[in-house]
Each structure stands twice: as C-alpha cells, then as structure tokens.
Amino acid sequence: MPDYIEFAKKYKDTCKCQFIYIKEAHFIETDEKGKFVDGWPRGYFGFEYPQHKSQEQRFKMAQILKTKYNIPDEFPIYQDIYPQNLFDESFGIWPDNLCVFKNSQLIYRGIINLDGTRNASYSKELEELLDNFKY
C-alpha cells in the first residue's frame, strides 16, 4: 500500500486517484474448530482477515485499511458492490492493480504476470503515460 499512496500523491494534480476496495485478497476461512478451509496460507504477510460476507463488512475492512496505512482523506476508499464484485469482475483487478480511465474508457491496466505476481505496483509505462497526460 505505501507505494500506491506515494503514486497517488505524486499524480494527484494530474489525475484523480481513488482506491477501490474489492474482495479480500488475504482472507482466511476456518471451520468451527479453527481448521483452515479456504484462503491464503496462515501467516502469509501476517494477514488473516475473513472474506466479506456483506457490504458492511467490506466497508469496515476498507476503514481498517485506511487506518493501518494512514491513507490521506484526499484519497477516498470506495468499495466494490457485494456480492457481485462488479468492478473486479469487469476489470480483473484482483488481487490489486492500477487502472486508468479517461472519458469513462479504460486506457491503462497494470500488468500482472501469469503466476499472479508483478514486478512493481505500477510501471514506467504508466508514469510516462501520466507525465504526458492531457485531459
């Protein structure tokens, strides 16, 4: 998250940066006995959050994210619609990604490697696009 916040601060005068909280990427589901059922392996990056079961839970997790990473108020965190996940389903941004829209059209989508990793949260290609951005 710190690199996304840095990016948003750097380009706040060029474009409107918004955070959209989608389904939980670092979720852990356990049964009534505490046995792992689904999600990422326990302890992965130190996250063990439940998957959202309502829009209210998603909202609360977005607030936890905002507090944990001290996201400035100038960058609101919107939430994808539960349970449809329309933004994520439309643009394939899970687990996290940067998208740039211009005139309601997607003009840039960050690249995720086939194994689900990425080399950086954003690329030089995106920086060059935004450095030359014209409305």
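I looked up the buried residues of α2 and found R58, M61, A62, L65 and K66; buried means under 20% relative accessible area, exposed over 50%, with a 1.4 Å probe and protein chains only. Seen down the α2 axis, these buried residues fall within an arc of 145°, so they line one face of the helix. I took that arc from the directions between the helix axis and the C-beta atoms.

This is a predicted model, where local features need pLDDT of at least 70, side-chain atom pairs count only at pLDDT 80 or more, and totals for chains, interfaces and linings use all residues. Residues are numbered from 1 along each chain as its sequence is written, and side-chain values use heavy atoms, without hydrogens or water.

Next I checked the other face of α2. Turned away from the buried side are the exposed residues E56 and T67. The buried residues pack against β1 (19–21) and β4 (77–79). Helices (H or I, at least four residues) and strands (E, at least two) are DSSP runs, numbered from the N terminus.

I then checked the length of α2. Its 14 residues (55–68) should span 20 Å at 1.5 Å a residue, and the end C-alpha atoms are 20 Å apart, which agrees. The expected span is 1.5 Å times one less than the number of residues. After α2 comes N70, with a positive phi near 50°.

How values were computed. Contact = heavy atoms within 4.5 Å.
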